[in-house]
Structure formats: C-alpha cells, structure tokens
Amino acid sequence: MINLKKKVLNKDSYIIAKNITIVIISFAILFSLTFFVIFIDYKDKLIKQTKIKYDLQTKSHSLVIKPYVLDHNIKLLNEQIDEIILTNNFKSISLKFDELIFTKEALINNTPNFSDISSSISDVVIDIKYGKIEKLSDNYYYFKPSIAFNKEDYISIRYQAYKDNEVKNLFASFEFNSLQKNESNIENRIKFPFWLGLIFDEKFENIQKQLYYKDKKIATIDYIIDMYNIKYEIYSFTKSLFFYAFFMFFPVLIFFRFYNYYIFKKYVTKPIHKLNILLDDILENKFHKIRTKEFDGTQELKEMIEKVAELSSKLASNVNELNISKETIQRKKSTDTLTGLENQKIFEQDIKSMFVSSISGYVIILRLPSLKEFSQLNGSNTTDTFIENFVNIVKNVIYRFSKIDITMYRFYGSEFAIIAKRFDSIKANQLCEAIIHTTIKELSQKYKLPENFLTIGGTPFDLYGTLNSILRSANEAYDISKEKTNSYHLITEEQIEHNYATLEKVVSTIIHDANFDVDYASNSYSFDDKKLVMQEVSPLVYDNNQQKLPIGSFVSIAEKINEIITFDKLVIQKVIEYLKYSKASHEIAINLAVDTISNKDFNKWLEDILNANANLKKKIVFSITSYTASLHKHKFKKFVKHINQLEAKVLLKRYNTNDYPLEELEDIKLDYLRIDKEYTNNLANDKIKRHKVKNILIFAQLNNMEILTENVKSDNDYAFLERLGVYATSR
C-alpha cells in the first residue's frame, strides 16, 4: 500500500510539473512573440527618432562653430567642441580646415600683444611664396595658397592697423592643423550583457558636416556617434519588459499551481491514477470489484469508471472460461485421452531435461505384443477397459517404489514407457519384476490373457547419448527380452560405463590435440534477396576408428570431464581464422555450452579475443538453445548482457514458447530468434501454428529482433513465411 501511494504521488508530481512546464513554455512562446512585436516597433521608432535628433544636433553645432572658424579663434573652437563632447552623444569630433577665410577679428585675435578691435586695418599681405590674400568684402579676406604651401606650416600675415592717425605694422599667425576631441569619463558606464548584442546590433553611420562661406568650403566637421545612449535605452526598455512579464506571469503561475494541486489533482489525476492501477491489474488478470463511490471526479469520468467496472466483470468471467478451456486443451494435447498418461512428446522433453541436469536413471519400454490376440479371446469391446486396468495396476506398482522419481507414458496403442530417475540396476530389476508379476496376477483374474502378455526392455540413462541412441538401446534390450514370454531384460550400467571410459579418453585426446575440423551447415538465406546471411558451425569429431561421433554426445562428455570451455574456445578460434582468411560476408553462429557462458575466465578471454578482432565482431553470433536458456535464465541473461557490451550478437535457437515465454524475453536484448522447426512444419495448413508464429514475429518486431526458421521443406510453408516477413530460413 505504501509503495502504491508513493507511486501515485510520484505520478501526481510528474503531471503537475508537466502541466506547469507546458504553461511556462506556452507563456514563453506568447511572450517571445509579443516581445518581438513590441521590441521591433520600439527599436525602429527609437532608431528613426535618434537619427533625426543627431542630424538636428550636428546642424545646430555646426552653425555655432562656423563663426569661430571664420574668426579662427582656436581657443573658443576647442571650448565649444568640448561642450558638445560632454553631451555623450559623440565618441569624437574632428574639425579640418579646408580654405582659410578670415575676418578682421581673426587677424587681431591671432596678433601677439595687440587686441584693439576698434582699429582699422589695411595692406593685408603674405609672403608671395605661400600665396596671396584676396579681400572678399570689407571684413572678410581669403588666403589663396600657392603650390609650395604646406598646411602643417604656420603662416604669417602682415597688415597695418591705424587709429587716431597712428599706424602700426603687425603680424598675425595662423595654423591649419586639424582639431580633434575624444570622449572621456567612460569608466563609470555599465557593461551590457551579451544578449543585448543578439537583439540589437545596429550601427549608425558617422555624420559629416561641411561649412561654407559663400561658395568656398572653409571646414569639414566629422561627428563619430556614440551608441552607448541608444543601447542603454534599449537595455532599459528590454529589462522593464521582462520585469513586467514576470510580475504578470507570477500570479498566473501561483493560481495554476493551486488549481493543479488541489482541484485538478482531486477530480482528475487521482481518479485516473486509481483507474490506471485497476487496469494494470486487469491486464495481469487480477480482477477486483470496482466501487464507483470510491471515485471523486467529473460526471463523465464516473460514467467511464462504471463502464470499466462492468467490463472488468465480463473480462474476469471470460478469462476464467478461457483458462479452463486452455488447461483442458493443453492437458488433451500432452496426455493420452484413454489412460491420462503423458504422451511421447512429454517423454522426449523429460529426456532432454535429464541430459541438461545430468540425472541418472533408467529408461524402460513396455509393450503388450499380443493385444490383437487378447481382443480375439475377450472381445474387441473390452480392449480399452483392459488397457485402463493395466495402466492402473502398473501405476500402483510404481507408487510402491516412488511417488516422485518414476513417470509412466503412453506412446501409442500397446506401447508404454517409464522413466525411473535415480534408479540403479537393482531397483530397476525389482521394478520390472514387480510389474510383470502383479499385472499377470491381477489381470488374469478378470481376463483371458495371451501366453506372451507383456515384454519389457530397459537401459540406463546414457548421459553421453542422444534421445535416439537411448531409445535404440532400450529397444535392443526389448528384442532380447521378447525371446521369452512375459519377461524383461535390462542393459547393465557396467556396459554403459565401459563405453563412458572409452569415450571420455577419446574426447579428452581430441580436445587436447585440437584434432578436429569444423564444417559450416544450416545455411540460412534471406527471403528478400535469397542471399546467404548465416551459417552454423558444425564441429567434425571422429573416434579412433574414424567413426563420426554425434556432436551432442561429444559435448556431454566434454562437459563431464570439464573440457567443454577449452573445446568452445578452440571452435571460436577456428571460426575467427576462417573469417580472417575467407571473403565471407555472412554471419557465423557458434553454439556454446551453459558451463562456458557462465565461466568468468572464458568471458574475459572472449572479450580480449573479440576486441583484438574488432572488425569481425559483427559477423559472429553466439547461439544457445531455448531449452538450455530456460533452465539457466540468470546465467543466460548475464551472458547476453556481456555480449551486448562487446557489440557481438546472440541467437536463441530451437525457440518455442513453452521453453521460454515471450514476455520473459522483453528485457533481454537478443539479435535473433530461430523458431523450432516443429512450429513451421506444415505451417500453411495449421491455424494454431500460424497464430503462434505471427505472435513471435510481432514480438520480434517490437523488440528489434530478426526471426529465422530452419529446415523448411514445404513450398507452401516457405511462401507463407515469406509473406509474414521472416528474415531468413534454411531448407
């Protein structure tokens, strides 16, 4: 309950945060658009007004400066330009003299030790080598320079001043050097943030004004505009706009937080969370009685909850019916309908389990060889009843020996089998003896039994054998026992163990000497372009008589003598050498044993060899059977994760959903699933198989896996798999 509350709280916090984030983003977009419109309008108007202001100011300043230029009053000129600079509108102002037109006042102002402005002047002249002086009017004179004149030189103009009949010869000095004033006291200015440059990077052109006296240009003034003031206005406006937006938005955010936390949470999120949890339980086949009164919320939400409650009830009923039907179908599929015994398919799965878990025991075949004769003696209507009675008697005998370790199976008709786990030859002989003695004794009281009523043959479970070799050994024992009536024969453990010792020595020698080759079989071709995409490694091992050893038996022996890791390493090395020196572009699948994949030293070695051959990683696929993986899930998952990190690939072969359900594969990052051939044999004509294969394909597509099949013989099956979108198959 605590975890549930915590989960709901986390979801509430997430939804509230999500909604607030949406509001913030929406506001940010709205503000950005509004800001853009307002800012652009403000900026355009400010630029326009500022340009007009600067133009008017420079015109006004130029008119003030012009008389000082004509009077050539350098002191007053400097003072006036300093005053203009102090307005902080200009970074610098420079004045350049073009032609010297001067007044009477200019002559007197630039004459040392003379300042009587009431004096009259005449004979204004200059050294001829510098030029000449022309009188323009009573008060204005024009200096017309010669070619030899250098503006950087001072010029001396001689003139006569007279007053009250007193005449003075005077000299006035003029200079043509340009004047320039730069802005000072900028240390106290604020430093603008970087973002201002992103939204305002306008630059004004410098303003130049020219001063004229009649048709003669007497000076040029260059005003270098300082952008600080306009930038400060833009900065202040933008900052105010942001503050305004914040104070407008903050109350909205507070209200929205209140609305989400108290109103929306109570009437929307909480009911939906509770409903979600119930739906999750329904999906996991956990059904509850839903009480709509427990839910707060809108009327529409309550109506939906009522419908979900009704749907839950119906689903619960349907699931129960389906489970009953499923159990019935599965029981019928795996059991004999007459006797209730498990069938040959289950027998084969149990044998596989014994191979993987290395359990000892006996495999026993029982046959009623004269069932036809029995029917003639007792009538055909009694046969089924007779078989039921026979099975019940045998089961009672079995229970006397063990209620756990012995299982009886019916193959077909009159053939039965028994797996007696952890039985030695003594107990197996006792069991067979008891079965023959008890069945003859009890059944002869009810029926007329044929002379040869029951024959039994058995063999110790051969850990190094195969399913076929074990059945062959049991049948060989049966052939010996049928030479007598109502008898049994068991192959001894010593016979099997003698073979074990010989095989172990052969296998050990082969591995130590690396005396084997590898073939590449199970060629899988893609459906799209019929290109070879994968082969499977098939080690070729031979005994001392050059007889080929079944690879399954070889691996079993290698596992028992603790040589399987060495063998798997050798196979991997041979595959890498093959890929190095061949031009193969397809992938190679390598089968690995569970002892190998769970060994730390092997995994470290594998990491080193794959990293040393990084260019071949993508061509190597490590293969494990579905059945083995299901028995060692933790080891399998850990190995797959390691292979994912190494950037190699993993294939789960002979896959069927009974071994490893699809939902358990969701968290395992597999690259390939090779479907068990039992699923694809006669696929085109079997609806159940088609449904299973489609489900596997959908799962694979959702989890980025490729599906392969094997040994597809029928053209109809091949065409159907191609239509489904299977990646590749062998034929």
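**Ground rules**

I number residues from 1 along each chain as its sequence is written. Since the model is predicted, I keep local features only at pLDDT of at least 70 and side-chain atom pairs only at pLDDT 80 or more, while totals for chains, interfaces and linings use all residues, and side-chain values use heavy atoms, with hydrogens and water left out.

**Entry 1: the whole protein**

I started with the secondary structure and found 21 helices and 23 strands. Here helices (H or I, at least four residues) and strands (E, at least two) are DSSP runs, numbered from the N terminus.

Next I looked up burial: 43% of the 731 residues are buried. My cut-offs for relative accessible area are under 20% for buried, over 50% for exposed and partly exposed in between, with a 1.4 Å probe and protein chains only.

The protein exposes about 41,500 Å², and carbon and sulfur atoms supply 51% of that area. Accessible areas come from the Shrake-Rupley method with a 1.4 Å probe; for residues, only the protein chains shown count as cover.

I also checked contacts (heavy atoms within 4.5 Å). Of those with a separation of 6 or more, 69% are between residues 24 or more positions apart.

**Entry 2: the nonpolar cores**

Which residues touch the most other members of the largest nonpolar core? I found Leu606, Phe622 and Leu670, in a core of 75 residues. Helix H14 (residues 564-581) gives the largest share of this core, eight residues. By nonpolar core I mean a set of buried Ala, Val, Leu, Ile, Met, Phe, Trp, Tyr and Cys residues joined through side-chain atoms within 4.5 Å.

I then followed Leu606: leaving out residues up to four places away in sequence, Leu606 touches Ile572, Phe622, Phe639, Ile643 and Leu646. Apart from this core lies another, of 58 residues, including Leu46, Leu95, Phe149 and Leu170.

**Entry 3: a three-stranded sheet**

I traced an open, antiparallel sheet of three strands in the order E3-E6-E7. Two strands pair, in my notes, if DSSP finds at least two bridges between them. Strand E3 (120-126) and strand E7 (166-174) are at the edges, each pairing on one side only. The twist averages 25° from one strand to the next. For such angles, axes are lines fitted to C-alpha atoms, for helices over the stretch in contact, and angles run from 0 to 180 degrees between N-to-C directions.

E3 and strand E6 (residues 155-163) are joined by five bridges, and Ile121 stands opposite Ala161 in E6.

**Entry 4: a five-stranded sheet**

What is the strand order in the open sheet of five strands? I read E12-E13-E11-E14-E15, with mixed pairing. Strand E12 (406-412) and strand E15 (488-490) each have a single partner strand, so one side of each has no neighbour in the sheet. The average twist from one strand to the next is 15°.

Strand E14 (residues 455-460) pairs with E15 in the parallel sense over three bridges; Gly458 has Leu490 in E15 as its bridge partner.

Helix H9 (residues 383-401) lies across E12 and E13, at about 160° to E12. Helix H11 (residues 467-481) packs on the sheet and touches E11, E14 and E15, its direction making about 140° with that of E14.

**Entry 5: salt bridges**

I found 20 salt bridges in the structure, each a side-chain nitrogen of Lys or Arg within 4 Å of a carboxyl oxygen of Asp or Glu.

One of them joins Glu415 and Arg367, at 3.2 Å from N to O. Glu415 lies in strand E13 (residues 415-421) and Arg367 in strand E11 (residues 361-367), so this pair ties together parts 48 residues apart in sequence. Glu415 is buried at 6% relative accessibility, and Arg367 is buried at 18%.

Arg674 and Glu536 form another, with the closest N and O atoms 2.6 Å apart. Arg674 is in strand E21 (residues 672-675) and Glu536 in strand E17 (residues 532-540), 138 residues apart. Arg674 is buried at 2%, and Glu536 is buried at 9%.

**Entry 6: around E21**

Back at E21, I saw parallel pairing with strand E22 (residues 706-709) over three bridges; Tyr672 has Glu706 as its bridge partner.
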